[in-house]
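User: I would like to learn how to read the main features of a structure like this one, going from the whole chain down to single residues. Could you take me through it step by step?

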Amino acid sequence: MAIEVVPLAHALGAEIRGVDIAGVVSDADIDAIRKAWHQAHVIVFRDVAWTPEQHCTFSRQFRELDDHSATPHDQLEGFPELLEVTNKPKNGQPSQTRNAGRNWHSDYSYTNRPAAASMLYCTEKPPVGGDTMFCNMARAYDDLSDKMKGIVADLQSVYDFNLVSGTAKRNPAKMAELLKLNPPIAHPCVRTHDESGTKALYVSERTSHFDGMTRSESAPLIEYLCAHATRPENVYRHQWCVGDLVCWDNRTTMHLALGDFDQNHPRHMLRTTLQGKKSGYVVAPAEV
Ligand SMILES: [Fe+2]
């Protein structure tokens, strides 16, 4: 049976049908999935039932996996290639990821190996809410005027771990360790996709400033670019079902995990992170 690609929204997102990703996936099917992924930026597989090993095996067919050494406390025990995103207590302590992803971002932008892509698998979800929103950063870039494209081409976006959502509720000792592991780092504000060649905006609500500019100078432009990118018509909103695997390209999208649910209900996800190319340089904090 041939793979079927069903669009989920105008700007981005497609559901992939007709392939059992828990089993052995042929090279031809991987190529077809990759092609659909480059076009839709976010792809969704439904009713996936698999083990952590199978999740890693499928993910590895696309790219080398990150070992999540930038956020070691969030690894799934025994599986460094799986990140646990959960509101369930971990080792008797409140989960450090229970409020993760509440602002618009691209994964691991605060590292020197910004994620190429992420594959998030839902194992438990609240009865309503807990949705994730995605926006198309390639479309956001294309929609800019030529003049603005020229301006952003010269900018380096600085990513600051302090702006990662949920950090205020992290354990202070763990937060100090994470800040040491992840000093502020600058990446080009226009990111060129290393496989498709697509250009996309690379700025987010975790961008503190543009290198060489003050925070005050940078703020209006960061705010404008984020608002421009996250206009409702440039967004796909995913309502999770248990068994969904949602894969997004961090080179061409941003995402936001909504906190629109009752935290008394478990929400549990596992993520593999497809490692991106080495990028960026460490910078000193900017003047206000
Ligand atoms: Fe994320």
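Analyst: What follows is a walk from the overall fold, through the metal site, to a few individual residues. This is a predicted model, in which local features need a pLDDT of at least 70 and side-chain atom pairs count only at pLDDT 80 or more, while totals for chains, interfaces and linings use all residues. Residues are numbered from 1 along each chain as its sequence is written, and side-chain values use heavy atoms, with hydrogens and water left out.

User: How many helices and strands does the protein chain have?

Analyst: Helices (H or I, at least four residues) and strands (E, at least two) are taken as DSSP runs and numbered from the N terminus. In the protein chain this gives 6 helices and 17 strands. The radius of gyration is 18 Å, close to the 19 Å of the globule rule for 288 residues, so the chain is as compact as a globular protein of that length; the radius is taken over C-alpha atoms, and the rule is 2.2 Å times the number of residues to the power 0.38. The C-alpha trace spans about 55 × 45 × 35 Å along its principal axes.

User: What percentage of the residues counts as buried, and what share of the contacts joins residues 24 or more positions apart?

Analyst: Burial is read from relative accessible area, where buried means under 20%, exposed over 50% and partly exposed in between, using a 1.4 Å probe and protein chains only. By that reading, 55% of the 288 residues count as buried. A contact means heavy atoms within 4.5 Å, and of the contacts with a separation of 6 or more, 80% are between residues 24 or more positions apart.

User: Which residues coordinate the iron ion?

Analyst: Donors are N, O and S atoms within 2.8 Å of the metal (3.2 Å for Na, K and Ca), and because water is not among the atoms, sites may look incomplete. Here the iron ion is coordinated by H105 through NE2, D107 through OD and H255 through NE2, at 2.1 to 2.2 Å. Along the chain these donors follow the spacing H-x1-D-x147-H. H105 lies in the loop between β5 (79-86) and β6 (117-124), whereas H255 is in strand β15 (residues 253-257), so the pair ties together parts that are 150 residues apart in sequence.

User: Are the two histidines of that pair buried or exposed?

Analyst: H105 counts as buried at 3% relative accessibility, and H255 is buried as well, with a relative accessible area of 4%.

User: Where do A115 and A116 lie, and what do they touch?

Analyst: A115 is placed in the loop between β5 and β6 and is buried, with a relative accessible area of 0%. Not counting residues up to four places away in sequence, A115 touches D107, Y108, R191, N250, T273, L274 and G276; the C-alpha atoms of A115 and N250 are 6.1 Å apart, although 135 residues separate the two in sequence. A116 also has its place in the loop between β5 and β6, and its relative accessible area is 0%, which is buried. With neighbours within four places left aside, the contacts of A116 include R63, R191, W248 and L274. A116 and S216, 100 residues apart along the chain, have C-alpha atoms separated by 30 Å.

User: What is phi at H41 and at D47?

Analyst: A positive phi is worth checking together with the place and accessibility of the residue. H41 has a phi near 70 degrees, a positive value in a residue other than glycine; H41 lies in the loop between α1 (27-40) and β3 (42-45) and is buried, with a relative accessible area of 8%. D47, which is not a glycine either, has a positive phi of about 55 degrees, but D47 lies in the loop between β3 and α2 (52-60) and is exposed, at 69% relative accessible area.
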